[in-house]
Amino acid sequence: MKQLIAKIAACACVLVLGAGILAGCAAPSTQADEAQQKNRNYMSQVNGVMSELGDKLDSFVEAVSRGDVVNMRTQADDACKVLDNLSSLEVPDGLGDVQQKYTDGSAKLREALDGYITLYTELKADTFDQSTYSDRLSKVQSLYDEGVDLLKQADEAAASK
């Protein structure tokens, strides 16, 4: 479980740094056309969302470390609201595939957070079947990894445009 928490924190940092790099790569140009400006604005907004997501995931990890299920749920809900902001961005022409990867990755992360909270809540219950723990944790980790991978693919696709 501590390994999952560490991976969540590490991946959140990687995503924030990657988004920051992408947003900072575009040098301002006095002759930038409208399309380039829209692309930069979009990536800047993505960077802001990813930064905020990193903060929310850090708060989630803190709640996990305290074993505070109520606060875990609150922080997961806050992270999901941030992910909703990502899916509601106005997407410039030519970046629809990038946005789709962000949206798909967000959905996987949302599933992983919900799955982790469900698993943790059940684990604390006296009726939890310990024999299923490893398999269920693996499934949650897989969802999380898929989400992070999709977000990384979106960053890479945006960088290549």
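Lys139 counts as exposed, at 52% relative accessibility. The model is a predicted one: local features need pLDDT of at least 70, side-chain atom pairs count only at pLDDT 80 or more, and totals for chains, interfaces and linings use all residues. Residues are numbered from 1 along each chain as its sequence is written, and side-chain values use heavy atoms, with hydrogens and water left out.

Start with the overall plan. The protein has 5 helices and 0 strands. Along the sequence, the pattern reads α-α-α-α-α. Helices (H or I, at least four residues) and strands (E, at least two) are DSSP runs, numbered from the N terminus. The protein has 161 residues, and 37% of them count as buried. A contact means heavy atoms within 4.5 Å. Take the contacts with a separation of 6 or more: residues 24 or more positions apart account for 79% of them.

Now look at how helices pack. Two packed helices are described by the angle between their axes and the distance between the axes. Axes are lines fitted to C-alpha atoms, for helices over the stretch in contact, and angles run from 0 to 180 degrees between N-to-C directions. Angles under 35 degrees count as roughly parallel, over 145 as roughly antiparallel, 65 to 115 as roughly perpendicular, and the rest as oblique.

Take H2 and H3. Their axes come within 8 Å and cross at roughly 170 degrees. H2 and H3 are therefore roughly antiparallel to each other. By class, their contact has 14 nonpolar, 4 polar and 4 charged residues. Ala, Val, Leu, Ile, Met, Phe, Trp, Tyr, Cys and Pro count as nonpolar, Asp, Glu, Lys and Arg as charged, and the others, Gly among them, as polar. On the H2 side, the residues include Val49, Leu53, Leu57 and Phe60. On the H3 side, they include Met72, Gln75, Ala79 and Val82.

Two residues show this contact in detail. Leu57 sits in helix H2, which covers residues 34-66. Leu57 is buried, at 5% relative accessibility. Its C-alpha atom is separated by 9.0 Å from that of Asp78, 21 residues apart along the chain. Gln75 belongs to helix H3. Is Gln75 buried or exposed? Gln75 is buried, with a relative accessible area of 12%. Leaving out residues up to four places away in sequence, Gln75 touches Lys56, Ser59 and Phe60.

H3 also packs against H4. The axes of H3 and H4 come within 10 Å and cross at roughly 170 degrees. That makes H3 roughly antiparallel to H4. Sorted by class, this contact has 13 nonpolar, 5 polar and 5 charged residues. H4 itself has 29 residues. The expected span of a helix is 1.5 Å times one less than its number of residues. For H4 that gives 42 Å, and its end C-alpha atoms are 42 Å apart, which agrees. Among the buried residues of H4 are Val98, Tyr102, Leu109, Leu113, Tyr116 and Tyr120.

Charged pairs come next. Side chains of opposite charge can pair when their charged atoms come close. A salt bridge is a side-chain nitrogen of Lys or Arg within 4 Å of a carboxyl oxygen of Asp or Glu. How many salt bridges does the structure hold? It holds 7 salt bridges.

Arg73 forms a salt bridge with Asp77, with the closest N and O atoms 3.0 Å apart. Both residues lie in helix H3 (residues 69-87), 4 residues apart, about one turn of the helix. An α-helix has 3.6 residues a turn, so residues three or four places apart point the same way. Arg73 also forms a salt bridge with Asp114, and here the closest N and O atoms are 2.9 Å apart. This pair links distant parts of the chain: Arg73 is in helix H3 and Asp114 in helix H4 (residues 96-124), 41 residues apart. Arg73 is partly exposed, at 30%. Asp77 is partly exposed too, at 33%. Asp114 is partly exposed, with a relative accessible area of 29%.

Finish back at Lys139. Lys139 forms a salt bridge with Asp135, with the closest N and O atoms 3.5 Å apart. The two residues are 4 residues apart in helix H5 (residues 133-159), separated by about one helical turn. Asp135 counts as partly exposed, at 45% relative accessibility, whereas Lys139 counts as exposed.

Note on methods. Buried < 20%, exposed > 50% of the residue type's maximum accessible area, 1.4 Å probe, protein only.
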